[in-house]
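Subject: Structure handover

Hello,

Here is the structure for you to look through. My notes on it follow below.

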Amino acid sequence: MAMNSVNSSKGRLRSTYIAIMIPLGVAINYVGGTIATGLGLPIYLDSIGTIVVAAIMGPWCGAASGILYNIISGIINGNIMAALFGLCNLGSGLIVGYMARMNKYSKVWHIAVATFLVSLWNSIVATPISMVVYGGVDGNAGTNLLIAGMQAFGSDLASAAFIARIPANLIDKGIACVIAWIILLKLPENMRKLNGSKENKTAEKA
């Protein structure tokens, strides 16, 4: 009975954190994206919440916050097709969340690997989506300028749209991954257990 009570308590605590963290991730993404667009920055800032939530709560919570952000943002901006970019946030959440769960999000080289994988995923997935939704460009002034420059030198639109997104994503996702890493390291031990890392599970069983 005592063990069941402890497990139940832990389950309720995690459910409470999920109910808080997913909407918080959506809000952080929305604020970041709005700032980047409003200031005309050459980066996106709309996946910080996704990656932070994924590092703390695990892959599917991070993915959920990212997808919800893109759906809500698409509705608010009157372009529901833009919700397809939720696939980018889906991958970001899963990559960082599973790395954190496998205790591969604690060292500098872990963050470098996460940044590369998340950036590559976003560049690959966002390119065809942008072709469908925006004709190859998007709301990022820096990316669009680079696309135009590459086309002027003879690159086709699809290639230019893909290559132009790589540097923007490396900077953008690098910022998000570093922020998530710093926050995760600063959390108390009990909150580091929320992402379901193997080490923590082993400790709980012991």
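Buried means under 20% relative accessible area, exposed means over 50%, and partly exposed lies in between (1.4 Å probe, protein chains only). This is a predicted model, where local features need pLDDT of at least 70 and side-chain atom pairs count only at pLDDT 80 or more, while totals for chains, interfaces and linings use all residues. Residues are numbered from 1 along each chain as its sequence is written, and side-chain values use heavy atoms, with hydrogens and water left out.

Start with Thr 143. Thr 143 counts as buried, at 1% relative accessibility. Thr 143 sits in helix α6. Helices here are DSSP runs of H or I with at least four residues, strands are runs of E with at least two, and both are numbered from the N terminus. The side chain of Thr 143 makes a polar contact with the side chain of Tyr 44, at 3.2 Å. A polar contact is a pair of N or O atoms within 3.5 Å; within protein, one must be able to donate a hydrogen and the other to accept it, and residues adjacent in sequence count only if both atoms are side-chain atoms. Neighbours within four places in sequence aside, Thr 143 is in contact (heavy atoms within 4.5 Å) with Tyr 44, Asp 138, Ala 164, Arg 165 and Ala 168.

Next, Asn 195. Asn 195 lies in the loop between α8 (189-192) and α9 (198-205). Asn 195 is buried, with a relative accessible area of 2%. The side chain of Asn 195 reaches the backbone nitrogen of Ser 197 at 3.1 Å.

Now a helix pair. α2 (48-57) and α7 (residues 157-186) pack at an angle of about 35 degrees, with their axes 9 Å apart. Axes are lines fitted to C-alpha atoms, for helices over the stretch in contact, and angles run from 0 to 180 degrees between N-to-C directions. From α2, Ile 48, Ile 51, Val 52, Ala 55 and Ile 56 take part. They meet Ala 176, Cys 177, Ile 179, Ala 180, Ile 183 and Leu 184 in α7. By class, this contact has 11 nonpolar, no polar and no charged residues. Ala, Val, Leu, Ile, Met, Phe, Trp, Tyr, Cys and Pro count as nonpolar, Asp, Glu, Lys and Arg as charged, and the others, Gly among them, as polar.

On to the rings. The count is 1 aromatic pair. Phe 85 and Tyr 134 are stacked, at 6.1 Å centre to centre and 25 degrees between the planes. Rings of Phe, Tyr and Trp (its six-membered ring) pair if their centres lie within 6.5 Å; planes under 30 degrees apart are stacked, over 60 edge-to-face, the rest tilted. The pair links distant parts of the chain, 49 residues apart. Phe 85 is buried at 14%. Tyr 134 is partly exposed at 36%.

Last, the backbone. Most residues other than glycine have a negative phi. Leu 45 has a positive phi, near 60 degrees. Leu 45 is in the loop between α1 (2-39) and α2, and is buried at 13%. Phi of Asn 103 is also positive, near 60 degrees. Asn 103 is in the loop between α4 (86-101) and α5 (108-133), and is partly exposed at 32%.

Best wishes
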